[in-house]
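Please keep the sequence and the structure in view while reading.

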Amino acid sequence: MCLLYITLGLIFLITKEKVAIHFFINAHHYPFLDLLFKYGTDLGDGFVTAVLVLPIGVLMFKKYGYSTFVLGWSSLIFTGFLAQFLKRVVYPNAERPIKFIGEHLLYIVPDVEMHEMNSFPSGHTATAFAFFAFVTMVYFKKNQSMQLVMGLLAVFVGYSRMYLSLHFLEDVVAGACIGLVAYMLAHILVAILPFKKSIVN
């Protein structure tokens, strides 16, 4: 599901101009979606997801020991490092939609804190993809239906960033890739650590 989303995103980026894509998304706004995406985007917040790892790790401690905590938190740490390095060091001048397009041309959801710079990549999207990959590993390794749900939740966060005019599609697609790479790095880390009980074995 996640790879399909990334592939579709890349196709749109290759065939359409990023501002045109953003205008299309921005034109389809409704009060219910304003509320849904305004609060639902926090599923990709680094602090929120870091806190959520704690009860998951506690619930699975008897089965997997400390490995669940390490997998969850290292996924988020790797995600944060990669995303912030790109934002702050490699692409510090990447403009967000309200700066690149102009706030007067966009519909802005009320009471959403807007930013002008550090657009690339989307940190919330990266965090969401890493976190829901982690949740899938913990609970749904053999449940394809729930894997689809987890993938959709990650996509939901990515779309929310565009709906709220906080990111362009290119930022979100890059964030999705970063999140998956960060999770895979964390998975490798946990696999090589000498846990007595490990979630990745």
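In which helix is T79 found? The model examined here is predicted, and in it T79 belongs to helix α6, which covers residues 67–90.

T79 has a relative accessibility of 1%. Residues under 20% are classed as buried, and T79 is therefore a buried residue. Apart from its neighbours within four places in sequence, T79 is in contact with A126, T127, A130, I178, G179 and A182. The side chain of T79 also has a polar atom 2.7 Å from the backbone oxygen of S75. Eleven residues separate T79 from V90 in sequence, and their C-alpha atoms are 15 Å apart in space.

**Two helices side by side**

Helix α6 has 24 residues, which should span 34 Å at 1.5 Å a residue; the distance between its end C-alpha atoms is 32 Å, so the two values agree. Helix α9 runs through residues 144–163 and reaches 28 Å from its first C-alpha to its last, close to the expected 28 Å. The table sets out these values.

| Helix | Residues in helix | Expected span | Span in the model |
|---|---|---|---|
| α9 | 20 residues | 28 Å | 28 Å |

Both helices contain buried residues. In α6 these include S67, F69, L71, S75, T79 and K87. The cover over the buried residues of α6 includes α4, α5 (61–64), α8 and α10. In α9, the buried residues include M150, A154, V155, F156, R161 and Y163. Among the elements that cover the buried residues of α9 are α1 (2–15), α2 (18–27), α3 (31–40), α8 (123–139) and α10 (169–192).

The two ends of α9 may also be described. At its start, a side-chain oxygen of N143 comes to within 3.2 Å of the backbone nitrogen of S145. Just after α9, S165 adopts a positive phi of about 60°.

**The nonpolar cores**

Which residues have the most contacts inside the largest nonpolar core? They are Y5, L71, F129, F131, F134 and I199, in a core of 43 residues. Two or more residues of this core come from each of α1, α2, α4 (46–59), α6, α8, α9 and α10. The greatest contribution, nine residues, is made by α8.

Leaving aside its neighbours within four places in sequence, F129 is in contact with C2, Y5, A154, V155, A176, G179 and L180.

**The protein as a whole**

The secondary structure consists of ten helices and zero strands. The C-alpha atoms fill a box of roughly 55 × 35 × 30 Å along the principal axes. A compact globule of 201 residues would have a radius of gyration near 17 Å, and the protein agrees with this because its own value is 17 Å.

Of the 201 residues, 49% count as buried. The protein exposes about 10500 Å², of which carbon and sulfur atoms supply 70%. Among contacts between residues at least 6 apart in sequence, 81% join residues at least 24 apart.

Methods: Residues numbered from 1 in each chain as written. Predicted model: local features only at pLDDT ≥ 70, side-chain atom pairs only at ≥ 80, totals over all residues. Heavy atoms only, no water. Helix = DSSP H or I, 4+ residues; strand = E, 2+ residues; numbered from the N terminus. Expected span 1.5 Å × (residues − 1). Buried < 20%, exposed > 50% of the residue type's maximum accessible area, 1.4 Å probe, protein only. Contact = heavy atoms within 4.5 Å. Polar contact = N/O pair within 3.5 Å; in protein donor to acceptor, adjacent residues only side chain to side chain. Rg over C-alpha atoms; globule rule 2.2 N^0.38 Å. Areas by Shrake-Rupley, 256 points an atom, 1.4 Å probe, with all protein chains shown as cover. Core = buried A, V, L, I, M, F, W, Y, C linked by side-chain atoms within 4.5 Å.
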